[in-house]
Amino acid sequence: MSAYLPSGTRPRRSSIIALLVAAAVLYLAKEVLIPLAVAMLLAFALAPAVRRLEGWHFGRIASTFVVVLLGFGLIFGIGAVAASQAVSLGAKLPEYRHNIVTKIRALRKPRRDTQIGKAAEAIKDLEEEAAPERPPVPVKESPATPIEALSDFLKPFAQPFAMALAIVVFTILFLLNRENMRERAIALIGAGRIHLTTRAMAEASYRVSRYLATQFLVNAMFGAAFGVALYLIGIPNALLFGLLGMVLRFIPYVGVWIAAAIPLALALAISDGWAPVMWTVGVFLVLETILAYVLEPWLYGRSAGLSPIAIITAVVFWTWLWGPVGLLLATPLTVCVAVVGRHIPEFGYLNVLLGVEPVLSPEQRFYQRLVALDHEEAAEAIEQHLAGHGVANTFDEVVIPALSLAEADRNKGTLEPARERFVFENVRRIVEEIEHEPVAHSARPVCIVAARDDADHVAAQMLARLLPPGQAFVVGAPPLPAEIAQIVAKHQCKTVLISAVPPGAAHFAGYLARRLRRQLPGVKIAIGLWSAEDKQERAREKLLKLGADEVVTRLSQALEVLRS
């Protein structure tokens, strides 16, 4: 796939309506779809292990149940340990009551002789004067029978238990019927898109499983190191906060700060001084700096394929849609959405909005900065491309295509005269400022002629810059055949190269070549039709019939012709 997203991926009305309908279904049927989504993502994460066991000649059923047992055993084990630690911490909280009450009183009732204390006292008086009468306390009837009491007791646990059971069952079914589910998805999308659907499903599976596995590894490292550090600092129930840190780091950007805030608040409550608080802050900052700026960029790379803005937007959207579960699933679900946009043309705009691939090619970005009248950023774009591609390739791949875009806009009448002058003047200035070693050239001098206008003239100057000084003579636009003949005779040029930047330049180049052929019968005439070669095959044949000896499409190709 191209490194740059196609510029024509615009949202269609039907695809936008389909997205709105899908969002409504996701919201209204969330009780059913949440277990399905969680199970699907767990199936993505566990499928590589199942395939590995199958490769070791385990059966499909045995491999699935072993992996599911180990995976959910780990999840429920971590949950059980966290619950026991939470209960233990709750039992210890009365021991820290004195410090907690003292600090809360210091915050709620500051000394009256300070400015803060006076302001707090005034706010308290206003609240008492404006406070309405307290409403009567509602009377709640107690259950009449033991069965009703048992039902009220089990009701809070029934829904989470049912959801967990549904997730386990769906995960097992997805793993046991991977091929069948894939074939049904292909049939649902359309048999005519087997290739696209297969690629999309493979990429989604790879990206999601890689993201989840890498995230689990990094979060486990953070949780283990954070828990050990808190234990050494003296924070009670450090294992609980290590586990919370591991789980909360699955929430992009926000989760890690919540993971730090809870033990920090506890350190503030249990300590008489500030040393445990400062140590907790220091440990967290060191660990997060190492993980966020060293380890995660090295491990992740572009595995998720999402931009930071897309991740934040996804977190807000999925949290609004599905609550806390959506907060945890935001990134992997959005990865799947971006993959759909990458492979299905109707939803290509989703990849433009969510993905990390550049949405403008280098020539489009360069031309956009010129149209925005920003010389500095345009020159910086050229410098960046020069560093990795060289002068000739930068001229061929960035500058000349940008001139073609300017020509197209000028022909359509959408480029104002002031911006037109700015574009061509600054391209000429940028070309002149590029420092490079000329390409070795042993042939006789060459005359480079602009076919029609400023774009052709600037392209001619680029080619002249690639040749040693004194071997190229540029004739500006609009050229006259008699003037060209005089320059050729003066400098004894044996080759005339007509520089033409599409669109529309081939016609003028052919007209000029035919006139020059009559006046200069002993001179080689080449035409530089600066664009992709496959797009100019018909024009090339026509130009050869009009008197051109050679037709080239790139500056590097023109150098080879001039050498010969």
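Is Glu420 buried or exposed, going by its relative accessibility? Keep that in mind; the tour returns to Glu420. The model on your screen is predicted.

**Stop 1: the whole protein**

Show everything as a cartoon. The protein has 564 residues, and 41% of them count as buried. Its secondary structure comes to 23 helices and 5 strands. Next, think about contacts between residues at least 6 apart in sequence. Of these, 75% join residues at least 24 apart.

**Stop 2: helix H12**

Select residues 308-322. This is helix H12, with 15 residues. At 1.5 Å a residue, H12 should span 21 Å. Its end C-alpha atoms are 21 Å apart, which agrees.

Now color the buried residues of H12: Ala310, Ile311, Ala314, Val315, Trp318, Leu321 and Trp322. Turn the view until you look down the axis of H12. The buried residues fall within an arc of 145°, so they line one face of the helix.

What covers the buried residues of H12? Show helix H1 (13-28), helix H2 (30-55), helix H13 (324-343) and helix H14 (348-354), which are included in the cover. Then look at the face of H12 turned away from its buried side. There you find the exposed residues Pro308, Ile309, Val316 and Trp320. Finally, step just past the end of H12 to Gly323. Gly323 takes a positive phi of about 75°.

**Stop 3**

Select Phe161, Leu165, Val169 and Leu173. Together they form a nonpolar patch on the surface. The accessible area of these four residues is about 390 Å² in total. Zoom in on Phe161. Phe161 lies in helix H6, which covers residues 146-176. The relative accessible area of Phe161 is 58%, and over 50% counts as exposed, so Phe161 is exposed.

**Stop 4: Leu196 and its contacts**

Select Leu196. You will find Leu196 in helix H8 (residues 194-233). Its relative accessibility is 26%, so Leu196 counts as partly exposed. Which residues does Leu196 touch, leaving out those up to four places away in sequence? They are His343 and Pro345. Now place a distance label between the C-alpha atoms of Leu196 and Val340. These residues are 144 places apart along the chain, but their C-alpha atoms are separated by 9.5 Å.

**Stop 5: salt bridges around Arg410**

Side chains of opposite charge can pair when their charged atoms come close. A search of the whole structure finds 18 salt bridges. Select Arg410 and Glu420 and show their side chains. The two meet in a salt bridge, at 2.6 Å from N to O. Arg410 lies in helix H17 (residues 391-412) and Glu420 in helix H18 (residues 417-433), so the pair ties together parts that are 10 residues apart in sequence.

Here is the reply to the opening question. Glu420 has 18% relative accessibility, and buried means under 20%, so Glu420 counts as buried.

Asp453 is buried, with a relative accessible area of 12%.

Now move along helix H18 to Glu433 and Arg429. Their side chains meet in a salt bridge of 3.2 Å, N to O. Glu433 and Arg429 are 4 residues apart in H18, so about one helical turn separates them. Glu433 is partly exposed, at 46% relative accessible area. Arg429 is partly exposed as well, at 42%.

Salt bridges that share partners join Glu407, Arg410, Glu420, Arg452 and Asp453 into one network.

**Stop 6: helix H23**

Select residues 555-563, which make up helix H23. Color its buried residues Leu555, Ala558, Leu559 and Leu562. They cover an arc of only 105° around the axis, which puts them on the same side of H23. Last, show what these buried residues pack against: H17, E1, H19, strand E3 (495-500) and strand E5 (550-552).

Conventions. Residues numbered from 1 in each chain as written. Predicted model: local features only at pLDDT ≥ 70, side-chain atom pairs only at ≥ 80, totals over all residues. Heavy atoms only, no water. Patch = residues over 30% accessible without salt bridge, like charges linked within 9 Å, V, L, I, M, F, W, Y side chains within 5 Å. Areas by Shrake-Rupley, 256 points an atom, 1.4 Å probe, with all protein chains shown as cover. Helix = DSSP H or I, 4+ residues; strand = E, 2+ residues; numbered from the N terminus. Buried < 20%, exposed > 50% of the residue type's maximum accessible area, 1.4 Å probe, protein only. Expected span 1.5 Å × (residues − 1). Arc of directions from axis to C-beta. Contact = heavy atoms within 4.5 Å.
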